[in-house]
Amino acid sequence: MSSSISFSEAELLDSGMSRSTSMELPTLQILETREEEETKHGIGEESEEVLLNKIQNIQLQLAEIRELKANVLTTKGVERVSQSRLRKDVIPTSRLLVVTSRLPVTVDWSNRNKPTITVSSGGLVPAIFYLKKKFPVFWFGALGTCWDVERQDILKHKLETEYGFIPVFSQFHDYEMYQSFCNSVLWPLFHYLLLHVEGERSFRVEAWEAYKRVNMDFVKVIMEHYQSQDFIWIHDFHLLLVPKMIRERCPSASIGFFLHTPFPSSEVYRMLPNRRELVEGVLGSDLIGFHSYDYARHFLSVCSRLLGLDVRPNAVDNRTTQVSIGIFPLGIDTTLFSKALETRTVKDRIQQLTSQFKDKKIIIGVDRLDYIKGIPHKLLAIECFLDTFPEWIGHCVFIQVAIPSISASGDYYRFRAEMYQLVGRLNGKFSSMDYVPIHFLNQMISFEDLCALYSIGDVAMITSLRDGMNLVSYEYIYCQHNHYGVLILSELTGAAHSLPGAILCNPWNTEEVADCIHKSLSMSEQERKMKHQKLYRYVISHTCISWGDHFVSDWLETISERRQMELQLQPLHVETLLEAYQTSHRRLFLFDYDGTLTSYRTVPELARPSSHLLYILKKLSSDVQNRVFVISGRDKNTLSSWLAMTGIGLAAEYGMYYCWPKNEEILHNQQTEGGDKDWVPLWYSWISNEKNISLERITQSLTIAKDILKRFEECTPGSFMSEKETCLTWHFRDADPDFAFSQAMEARQHLEQALMETPLEILMGQKILYVRPKGVDKGSFVQFILAKLQPSQSPDFILCMGDDRTDEQMFQQVESTQAKVFTCSVGRKYTKAHYFVPDAHHVLSILEQLAETSQTKL
């Protein structure tokens, strides 16, 4: 029994490498977690790192107890874990459509017109096959080779009927260019290898166009098989455009996406000429999964910096939809290795290798021969180690397996030649007649040899310069259960975030890695054992099966929340609105200004209303049955100069000052003390009595707040403060989003402490920080309007529209009336409104249709 090896799903998908094997797919099982055994025996976990010297003996006794059933495999264990994640009440009866760049199969046409199909047993296969117990699963992907139409038809029928695999075929030239774009542009850049102006790692428009066409080929095949309520799970950077393409064709589709590679920082990612299209493509998903929060954080930063979207640690506000972000570290199929370690072939091979390297410490490395794996860094660290600690010469050997890459190029062959030269130089430097320090194997090895190599290694070195996860570390830990080997792991791998007990290193620091080698070889048996226990416990409880279970469970919860939100927040249909409008007689319109009647502008002065908007507002207000108000945070002078000619009612500074519609006599004759006769300060007529607020106290408090915000404005480039009579606004929309948000949080904290005993409050809006009088908000002003209207003037139709947190009080206030109420948010978000429209352009379109039904002629 022999097989090729695949080390991680990222590598399997990215390089096209698969573990081809003739063995039967193993029964998907999982080790009972050590936590269950500890609960049975009443054992708690101790901290061996801090109290190592004091509690070694106790830890050793605990370790012996924990090992009692460590090798017991039970299917029931998996089922218990899975059932706890996938509750019966949320498991759908529909299908799961898995989409990867390649199907996990190899095709042999030795027997003419009767292909032999071999299914891989590694990568995603165990996780997906386990999910077949809960869903009907269909797997979409390319086969990596183009055949004639007759053979394609034969493969389609055989793969779908016998395996549930659905192949995707593209034009030969398109597929070649698509592979080039994936392997020469996306793969290097996502691993922090910068693009070239010319050569293999350069951006070519024709390759990008081919990438789009092949992504569309996938979409066409998926949509041919798609049924309502299906769940579509898309994988990796080869298919970044697919989610949005599907969403455009089927807005209600349930789409999940998982990235198996790192996601680079925004400063690296912005190098891509087509950067926006790729991120917008992924944002067509409901849930996007990453191996670690670092990758998710970089993705969120790109969404914020490049697309200007609002982000949270677990979600992106993609304008009209919420896209969830999740962290799901991938694991390995422990069953596959457990069965292999029990075979006579592996046991014999372990004995042979142990005899061959008798009395020597064995350091192993298993990597694909790729730039990102840091193999030369590892070899130079070995040289530094032997130079620094010459007593180890002759007493340790380093075995490096370098798996050849299928997608070989000129750079690859040059890199391989450099490795041969480096290994030759080091062996020439440290070898003797009976000792060779470095054994370099640039070849595929059998799965049995791999398991045996993992088992005999005293130390495993992983020095990747960047790696999505690197599951070699997991495989080594599992195979070392009875040997307690030490893991040296690059801190630049995804696995470094998940494996407590590994010795982390910076692969670029040769001296540091050399010291790590010496530390690992000199480590006491007790410390080796305890570090390994930590690692082993994590590996057996975080398998690829539990990974798939967790992703799907969180995905189902995301879909459930989205559907619940859809029930609460409906799109505002103009037909429904027109019907209610035409059958009503006393109508009240309440509008926010910035972001609602006009789009946001980076410079607020540029948000001046268009002549079309002025016409619509004037048309609406001229109807005697309508009462129209714009309630804004802007100052009264600006609102007067921009909107007074329309005759609508205005409320400035969130309602602190107001001006009643011109076509009404009510309240219009009230005077201010020494002010414009058209504007009335609300504190004189209502708020001062209800909230005990005076202008003098407000002014004094604003001086304190202004000094604080001025300091933050000076040290936050791109931000600015606008000052009104009774409030302050600090804008940071144009500042660095991460830095500005942290500055805003700190400014808010300073303001809350300084203004604790004052009549001012602090509120965070859409990239804006407000300081305003307590009790003076848009909701209070709406309450004031409703209280001043006579019963005969009470509205029977209310349209209330806004886009910011400051508008939520309006939505809440109008719900208490007896009118036919339409509360509408601009943008789909979590809100108290019941309806939404995508943007300010749709607001204008709706108001235009309402205005045109008016009988009044201008």
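A residue counts as partly exposed when its relative accessible area falls between the buried limit of under 20% and the exposed limit of over 50%. This briefing covers aromatic rings in a predicted model. A search of the whole structure finds 46 aromatic pairs.

**A stacked pair**
- Tyr163 and Phe165 form a stacked aromatic pair, at 6.0 Å centre to centre and with 10° between the planes.
- Tyr163 has a relative accessible area of 25%, so this residue is partly exposed.
- Phe165 has a relative accessibility of 2%, so this residue counts as buried.

**A tilted pair**
- The ring centres of Tyr658 and Phe784 are 5.1 Å apart, and because their planes meet at 55°, the pair is tilted.
- Tyr658 belongs to strand 24 (residues 657-659) and Phe784 to helix 28 (residues 778-788), so the pair ties together parts that are 126 residues apart in sequence.
- Tyr658 is buried, with a relative accessible area of 1%.
- Phe784 also counts as buried, at 1% relative accessibility.

**A cluster of rings**
- Trp187, Phe190, Phe237, Phe263, Tyr269, Phe290 and Phe299 are linked into a cluster by ring pairs.

**Charges over rings**
- Arg151 has its charged end over the ring of Trp109, 4.3 Å from the ring centre.
- Arg772 has its charged end over the ring of Tyr654, 5.1 Å from the ring centre.

How values were computed:
Residues numbered from 1 in each chain as written. Predicted model: local features only at pLDDT ≥ 70, side-chain atom pairs only at ≥ 80, totals over all residues. Heavy atoms only, no water. Phe/Tyr/Trp six-rings, centres within 6.5 Å; stacked < 30°, edge-to-face > 60°. Buried < 20%, exposed > 50% of the residue type's maximum accessible area, 1.4 Å probe, protein only. Helix = DSSP H or I, 4+ residues; strand = E, 2+ residues; numbered from the N terminus. Lys NZ or Arg CZ within 6 Å of the ring centre and 35° of its normal.
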